[in-house]
Amino acid sequence: MLRFIARRVLETIPVLFIIATVTFFMMRLAPGGPFDTDKQVSKEVRAHMEAHYGLDKPLFEQYLLQMKHLLQGDLGPSFKYPSRTVNEIIADAFPVSLELGVESLAVALVLGLLAGMIASFRQNSAWDHIPMALAMIGLCVPTFVMGPLLISAFALHLDWFDAAGWFLPRDRVLPALTLGAFYAAYVARLARGGLLEILNQDFIRTARAKGAGGARILLKHALRGGLLPVVSFLGPAAAGLLTGSFVVETIFGIPGLGRYFVTAAFNRDYFMVMGAVLFYAVFVIVFNLLADIALVWMNPRLRFE
Amino acid sequence: MPETTLQPVEAIETEPSSSFWMDAWHRLWKNKLAVFGLAIVAILSALCFSEPFLCRHVIGFTYEQQNLVLGPAPPSRLHWLGTDPLGRDLLARLLYGGRISLMVGILATAVSLTIGVLYGAIAGFAGGKLDMVLMRCVDILYALPFTIFVILLMVFFGQNIILLFVAIGAVEWLTMARIVRGQVMSLKHQEFVEAARALGLRRRRILLRHILPNLLGPIIVYATLTVPEVMLLEAFLSFLGLGVQPPQSSWGVLIKEGAEMMEEYPWLLIYPAVAMALTLFALNFLGDGLRDALDVRASKD
């Protein structure tokens, strides 16, 4: 197990290197530069600014320089917010995105697992059809429709919540629901499918024949194997919750990392884009790794490989 | 056929090869939700792709025809679904946007299928070192934050619709490659492949003529489920302002515009959102139905 983890951690090094390289050259080869969008600046000022940020050096030299800084954990300055470094911006914005992500994940897991367990245990009854129909709706209504609809219903008409903002605890409810709904739907379907497959197997019949009650069969015998698909989905899902939050952060006016990332890309804020990409990449990789470790732990067959 | 030369008895006993597809069709036909999905997809595509004709002869407005005096008007007899703030007919824009959205869905899926099927088939068929290297690459690519790369691509290289297909297609092929590889690995040791090999057929011919046709089931199922995913991704990009550019429309663009004005002009959000959700619904039901109808593993229970 330790060797498996060590190998996976070592593998992330080339992955991060590739991501950084691709991002660097994609940004630099693209038309436009960080000082294009500003109001007209004279040639001298512009040359001075480029020299200040080292953008006048040959491309390959810049690449090596940035790689060196990245290795030292220095993500560089932001062009758009000259008084702050990228490290500071991420340190400010990330906790917000993380909180939103964790809350949405909780929504997804609680709703999704409950729906999936009930549906699989009462297959082909109303207990199965109604949650699965809801899950289908959750899958088909995009986040950017769900958000405005929830705002319209609960903030504007019922006046239970504020339409936007990120100040009070209750401000978390609508964004977390919006972001979590899609994943809850997905989890529900995966959990139902996985549990049904397990519930039809012989060892469950044996347990039933020995007189085990329904709850015991579900919780003790079926859950561990039946939730494998959910767990393998959770790695990419956790990453998706972070990237998917672009839309939710825009709709609800949440000062998270997603908004910084998109505006940075539009502004050609090179160092900010690189920092955000690498930051997200690390997250995706860590979550995938955690999901794989959980999978191996839950599935004895994989443990020997 | 190579099968008949090796196993004449079984070949006579088995039914004609079309029976698998006939069975699948019957199973699909019995699944009401899937038939409903198929019907919805067919009707909506027919409507959207005949948009130029419908606009000229039935609706009477084109998607870009403005009427600034009228402005945003609720649904009426003249404008069945109302108009947007520029006085453009929403129904015409909805059909035009649907054409773009469906086209992105279909073409991007085609791109991802082509890459994924070829990649997976080659990896699975070759086996050994090549397979290991190719699949290692897929594993590594899985770790890339792809949404981010699509956003970067679209921001940096302009909002070109061809680029949109390619970018989305390039993101979605990984899972297809894995599925196809697994199937090819299990098929390549079967007798009919050995027979084809014994007959001295070239590897390329064996792969393309004998193995790939057997993969059609999973490929069709997965493609049906990829289309809604791609359409969602396109809508997501459009929502960020990275999709198609005005005066063109797509469902994502219409939903974004509608969401901005949902309190004043709710119809601008409701109709595009319903159209999009209905299509995604239909495609998902169809995909689930096809999976049940075609997938041997699922048809056991």
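Here are some exercises with worked solutions on a predicted model with chains A and B.

**Exercise 1. Getting to know the two chains**

Task: Find how many helices and strands chain A has, and do likewise for chain B.

Solution: 
- Step 1. Begin with chain A, where you will find 14 helices and zero strands. Its pattern along the sequence reads α-α-α-α-α-α-α-α-α-α-α-α-α-α.
- Step 2. Turn to chain B, which has 14 helices and zero strands.
- Step 3. Now look at burial. In chain A, 39% of the 305 residues are buried. In chain B, 45% of the 301 residues count as buried.
- Step 4. Next, take the contacts between residues at least 6 apart in sequence. In chain A, 74% of these join residues at least 24 apart; in chain B, the share is 69%.
- Step 5. Finish with the dimensions of chain A: its C-alpha trace spans about 85 × 55 × 30 Å along the principal axes.

**Exercise 2. Where the chains meet**

Task: Describe the side of chain A that touches chain B: which helix gives the most to it, and how do its residues divide by class?

Solution: 
- Step 1. Count the residues in contact: 29 from chain A and 29 from chain B.
- Step 2. List the helices of chain A that each supply at least two residues to this side: α1 (2–29), α5 (126–140), α6 (143–157), α10 (228–243), α11 (245–252), α12 (257–267) and α13 (270–298).
- Step 3. Pick out the leading contributor, which is α13(A) with six residues.
- Step 4. Sort the residues of this side of chain A by class. You get 25 nonpolar, four polar and no charged.

**Exercise 3. A nonpolar core**

Task: Find which residues touch the most other members of the largest nonpolar core.

Solution: 
- Step 1. The largest nonpolar core holds 162 residues.
- Step 2. Those that touch the most other members are A:V187, A:V273, A:A276, B:I151, B:I168 and B:I255.
- Step 3. Helix α6 (residues 90–126) of chain B gives the most to this core, supplying 17 residues.
- Step 4. Zoom in on A:A276. Leaving out residues up to four places away in sequence, A:A276 touches A:L257, A:Y260, A:F261 and A:A264.

**Exercise 4. A covered helix in chain A**

Task: Decide whether α11(A) is mostly covered or mostly uncovered.

Solution: 
- Step 1. Seven of the eight residues of α11(A) are buried, and the helix is mostly covered.
- Step 2. Those buried residues are A:S245, A:F246, A:V247, A:V248, A:E249, A:I251 and A:F252.

**Exercise 5. Two helix pairs**

Task: Work out how α5(A) and α7(A) lie relative to each other, then how α12(B) and α14(B) do.

Solution: 
- Step 1. A pair like this can be described by the angle between the axes and the distance between them.
- Step 2. For α5(A) and α7 (residues 173–199) of chain A, the angle is about 135° and the axes are 8 Å apart. The two helices are therefore oblique to each other, and their crossing is left-handed.
- Step 3. On the α5(A) side the contact uses A:P131, A:M132, A:A135, A:G138 and A:L139, and the partners in α7(A) include A:A181, A:F182 and A:R192. By class, the contact has ten nonpolar, one polar and two charged residues.
- Step 4. For α12 (residues 216–239) and α14 of chain B, the angle is about 165°, with axes 8 Å apart. These helices are therefore roughly antiparallel, since the angle is over 145 degrees. Their crossing is left-handed.
- Step 5. Among the residues that meet here are B:G217, B:I220 and B:M231 in α12(B), and B:M276, B:L280 and B:R291 in α14(B). The contact comprises 13 nonpolar, four polar and one charged residues.

**Exercise 6. One arginine**

Task: Explain why B:R291 counts as buried.

Solution: 
- Step 1. Locate B:R291 in helix α14 (residues 267–294) of chain B.
- Step 2. Count its C-beta neighbours inside 10 Å: there are 20, so B:R291 counts as buried.
- Step 3. Compare its position with that of B:K188, 103 residues apart along the chain; their C-alpha atoms are separated by 22 Å.

Terms used:
Residues numbered from 1 in each chain as written. Chains lettered and ligands numbered in written order. Predicted model: local features only at pLDDT ≥ 70, side-chain atom pairs only at ≥ 80, totals over all residues. Contact = placed C-beta atoms within 7 Å. Helix = DSSP H or I, 4+ residues; strand = E, 2+ residues; numbered from the N terminus. Nonpolar A, V, L, I, M, F, W, Y, C, P; charged D, E, K, R; others polar. Core = buried A, V, L, I, M, F, W, Y, C linked by C-beta atoms within 7 Å. Buried ≥ 20, exposed ≤ 12 C-beta atoms within 10 Å, placed from the backbone. Axes fitted to C-alpha atoms, helices over the stretch in contact; angles between N-to-C directions. Parallel < 35°, antiparallel > 145°, perpendicular 65-115°, else oblique. Left-handed = near helix turned anticlockwise from the far one by under 90°.
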